[in-house]
Amino acid sequence: MGTAEPAQSSEIDAEERRLIDRSAVGDQEAFRQLVLRYHRLVLNVAFRAVGELSAAEDIAQEVFVKVYRALPGYRHDKPFTHWLHRVAANAVTDAVRKKKPILSLDALERVPPAAGSDPQDVAARHDLQRAVRDAIAALPPHYRDTVALQVFAELSYDEIARTLDIPLGTVMSRLNAAKRILREQLRGALGDEDEANTA
Amino acid sequence: MLSHATAQDWLIPYADGMLSNDERQRIDSHISGCPFCRQELSTVRELNLALVSLPPAPPVTFAPFWLKLQAALPAARAPRREARFTLYRRAGLAFAAAAFATLTAATFAFAAESSLPDSPVYPLKQVEESVRLALTPAPQRGQV
């Protein structure tokens with residue numbers, strides 16, 4: 001099992017490299033297979049950021065168009081996922097910055113509540129999620145990009161450092177400063193959530 | 001003893017699991033005696049819970065996603081550009097080979113028997129004579 005995993009990993013890497021190189025010279029079937037591998041990852045990042053499926057799909061489309069245009073310049077000097085995460089994080093932070101207000105609650109793609117869950121709890125949770133997104137969108141750019149990779153892309157501190165090509169200490173200081181701002185911005189929303197749960 | 005200000009700075013990386021064991025122990029020791037930092041840590045943990053509560057996208061069908069993306073992709077130009085470059089490169093190499101052959105033949109032609117040792121083409125004349133000598137049958141060599 002231990003010896004099979006590195007062999008499988010290197011086969012996957014070689015196949016991915018082939019798809020990237022073929023996509024870079026215009027092979028759309030190769031690019032389709034690359035998109036198939038990663039469209040869920042990019043969609044999840046986008047959906048966590050905007051909370052609406054059609055907007056998330058538009059962002060994901062934009063990400064893959066940018067990737068396709070830039071592939072001829074990709075040199076395999078860092079993992080493809082790091083590069084993809086960076087493009088996705090930039091696209092979602094631009095999108096949330098320019099986001100128009102959602103005029104209808106019907107536009108929100110809500111996850112069906114669990115059976116027996118209190119509708120007030122569900123509504124409070126959605127309100128908190130919207131407040132979180134708005135607070136992240138209002139952060140200064142460096143903090144916003146770093147938080148986007150942790151919150152929307154669910155990357156660890158180490159992965160964020162490698163993706164942004166910055167020291168781990170810089171990631172820690174940015175997240176520390178960003179979360180201090182978020183803590184103050186959301187203190188009321190977090191407190192209300194707490195009160196709702198104890199009511 | 002950890003100062004209150006330093007403890008405040010460490011609460012977020014503490015909640016994110018980014019402190020060393022020694023730092024964690026120092027924070028734990030401070031928190032046990034500081035209700036304000038205990039409350040702040042609770043708020044930080046609630047913030048982290050709120051941040052991870054953002055849900056992933058619901059399932060989507062790939063085919064329509066790909067069709068829409070494919071329509072937005074730029075027209076494939078790279079393969080034609082690559083073929084044109086290869087054609088130019090081949091033509092260029094052929095031209096360079098022909099020019100070299102022509103130059104060499106012309107140089108040999110100018111390397112006349114009267115070329116003196118101080119002439120730049122004299123070494124070529126020597127090569128030409130060596131080749132001619134090697135190809136001439138032995139009985140005829142005195143006549144060259």
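Me: Which residues of α3(A) meet α4(B)?
Reply: This is a predicted model. In it, A:Glu57, A:Gln61, A:Phe64 and A:Val65 in α3(A) meet residues of α4(B). The partners on α4(B) are B:Phe65, B:Lys68, B:Leu69 and B:Ala72.

Me: How does that contact split by class?
Reply: Five residues are nonpolar, one is polar and two are charged.

Me: At what angle do α3(A) and α4(B) pack, and how far apart are the axes?
Reply: The angle is about 50°. The axes are 10 Å apart. α4(B) covers residues 62–72 of chain B.

Me: So what do you call that arrangement of α3(A) and α4(B)?
Reply: Oblique. Roughly parallel would need an angle under 35 degrees, and roughly perpendicular starts at 65. At about 50°, the two helices are therefore oblique to each other.

Me: Is the crossing of α3(A) and α4(B) left-handed or right-handed?
Reply: Right-handed.

Me: Zooming out. How many residues does each chain put into the contact between A and B?
Reply: Chain A puts in 39 residues and chain B puts in 30.

Me: Which helices of chain A each supply at least two residues to the side that touches chain B?
Reply: α2 (28–50), α3 (53–70), α5 (119–137) and α8 (168–198) of chain A do.

Me: Which one gives the most?
Reply: α8(A), with eleven residues.

Me: And the class breakdown for that side of chain A?
Reply: It has 21 nonpolar, seven polar and eleven charged residues.

Me: Let's pick one residue. Where is B:Thr43?
Reply: B:Thr43 sits in α3 of chain B, which spans residues 35–52.

Me: What does B:Thr43 touch, leaving aside neighbours within four places in sequence?
Reply: Residues of chain A: A:Arg183, A:Arg187 and A:Leu190.

Me: Why does B:Thr43 count as partly exposed?
Reply: Because B:Thr43 has 18 other C-beta atoms within 10 Å. Buried takes 20 or more, and exposed means 12 or fewer. So B:Thr43 falls in between and is partly exposed.

Me: How far is B:Thr43 from B:Ile12?
Reply: Their C-alpha atoms are separated by 10.0 Å. Along the chain, the two residues are 31 apart.

Me: B:Ile12 is in α1(B), then. Is B:Ile12 buried or exposed?
Reply: Buried. Others buried in α1(B) include B:Ala7, B:Trp10, B:Leu11 and B:Tyr14.

Me: What's the span of α1(B)?
Reply: α1(B) runs over residues 4–15, twelve residues in total. From its first C-alpha to its last, α1(B) reaches 17 Å. That is close to the 16 Å expected at 1.5 Å a residue.

Me: What follows α1(B)?
Reply: B:Gly17, with a positive phi near 70°.

Me: How do α1(B) and α2(B) cross?
Reply: At roughly 120°. The axes come within 11 Å. α2(B) is residues 21–32. The pair is therefore oblique, and the crossing is left-handed.

Me: Which residues of α1(B) and α2(B) meet?
Reply: From α1(B), B:Ala7, B:Trp10 and B:Tyr14. From α2(B), B:Glu23, B:Arg24, B:Ile27 and B:His30. By class, that contact divides into four nonpolar, one polar and two charged.

Me: Now a pair inside chain A. How do α4(A) and α6(A) cross?
Reply: Their axes come within 9 Å and cross at roughly 120°. α4(A) is residues 80–98, and α6(A) is residues 141–151. The crossing is right-handed.

Me: Who makes that contact?
Reply: On α4(A), A:His85, A:Ala89, A:Asn90, A:Val92 and A:Thr93. On α6(A), A:Arg144, A:Asp145, A:Ala148 and A:Leu149. The contact of α4(A) with α6(A) has four nonpolar, three polar and two charged residues.

Me: Last topic, the whole chains. How many helices and strands are in chain A?
Reply: Eight helices and zero strands. Chain B has six helices and zero strands.

Terms used:
Residues numbered from 1 in each chain as written. Chains lettered and ligands numbered in written order. Predicted model: local features only at pLDDT ≥ 70, side-chain atom pairs only at ≥ 80, totals over all residues. Helix = DSSP H or I, 4+ residues; strand = E, 2+ residues; numbered from the N terminus. Expected span 1.5 Å × (residues − 1). Contact = placed C-beta atoms within 7 Å. Nonpolar A, V, L, I, M, F, W, Y, C, P; charged D, E, K, R; others polar. Axes fitted to C-alpha atoms, helices over the stretch in contact; angles between N-to-C directions. Parallel < 35°, antiparallel > 145°, perpendicular 65-115°, else oblique. Left-handed = near helix turned anticlockwise from the far one by under 90°.
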